[in-house]
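Reader: I'd like a close look at one part of this model, the charged side chains and who they pair with. Could you walk me through it?

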Amino acid sequence: MGRKAWIARRRAAFYRHGMKSLLALSALTLLAACATPREACVAQQTRDLRVVDGLIAEEEATLARGYALDRRTELRPRLTLCTGLSRGNDGLSTGVRYCSAPETRTRVVPQAVNLAEVQARLDGLRAKRAELSDRASRGAAACRARYPQG
């Protein structure tokens, strides 16, 4: 693949995926800017607890199903229409042509797991959750004391 083709593919991938990410990031930044200092403080103090809660929910779902779900990301070519300059026998010309653009897809594939190991991980996460819950409660109380207006 030549340098120009590589640049064109990267530019196309950015416009398809990068702009979506940029918009999502902008929306999150705006939402974060709306949070009061107290809310931001409490959110920071409870972040680890929310992560562990998500992991617990995932492990419980795995136990209930009897198998895990593995997410696999694949990069596949997709035929699309491209516009732009091209060099032909008669010099430079503009037009529409078919080109291949990379497309990212995520597949969910069932995965066999040892349910005893999943249960052991779940027990460890629940113990960690109890510890994080106490820490988050103390941190949230400190936030309420530091920012009493809310």
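Reader: To start, is Arg135 buried, exposed or partly exposed?

Author: Keep in mind that this is a predicted model. Arg135 counts as partly exposed, at 39% relative accessibility. Its side chain meets that of Glu131 in a salt bridge, 3.1 Å from N to O. Glu131 is partly exposed too, with a relative accessible area of 38%. Both residues sit in helix H4, four residues apart, which is about one turn of the helix.

Glu103 belongs to strand S2, residues 91-111. One of its salt bridges is with Arg105, where the closest N and O atoms are 3.1 Å apart. The side chains of Glu103 and Arg105 are also joined by a polar contact of 3.1 Å.

Arg78 comes out as partly exposed, at 32% relative accessibility. Leaving out residues up to four places away in sequence, Glu103 touches Arg78 along with Glu74, Leu75 and Arg76.

For the whole picture, the structure holds nine salt bridges. One more charged side chain to look at is Arg65, which lies over the face of Tyr67, 5.6 Å from the ring centre.

Note on methods: Residues are numbered from 1 along each chain as its sequence is written. This is a predicted model: local features need pLDDT of at least 70, side-chain atom pairs count only at pLDDT 80 or more; totals for chains, interfaces and linings use all residues. Side-chain values use heavy atoms; hydrogens and water are left out. Helices (H or I, at least four residues) and strands (E, at least two) are DSSP runs, numbered from the N terminus. A polar contact is a pair of N or O atoms within 3.5 Å; within protein, one must be able to donate a hydrogen and the other to accept it, and residues adjacent in sequence count only if both atoms are side-chain atoms. Contact means heavy atoms within 4.5 Å. A charge sits over a ring if NZ of Lys or CZ of Arg is within 6 Å of the ring centre and within 35 degrees of the ring normal. A salt bridge is a side-chain nitrogen of Lys or Arg within 4 Å of a carboxyl oxygen of Asp or Glu. Buried means under 20% relative accessible area, exposed over 50%, partly exposed in between (1.4 Å probe, protein chains only).
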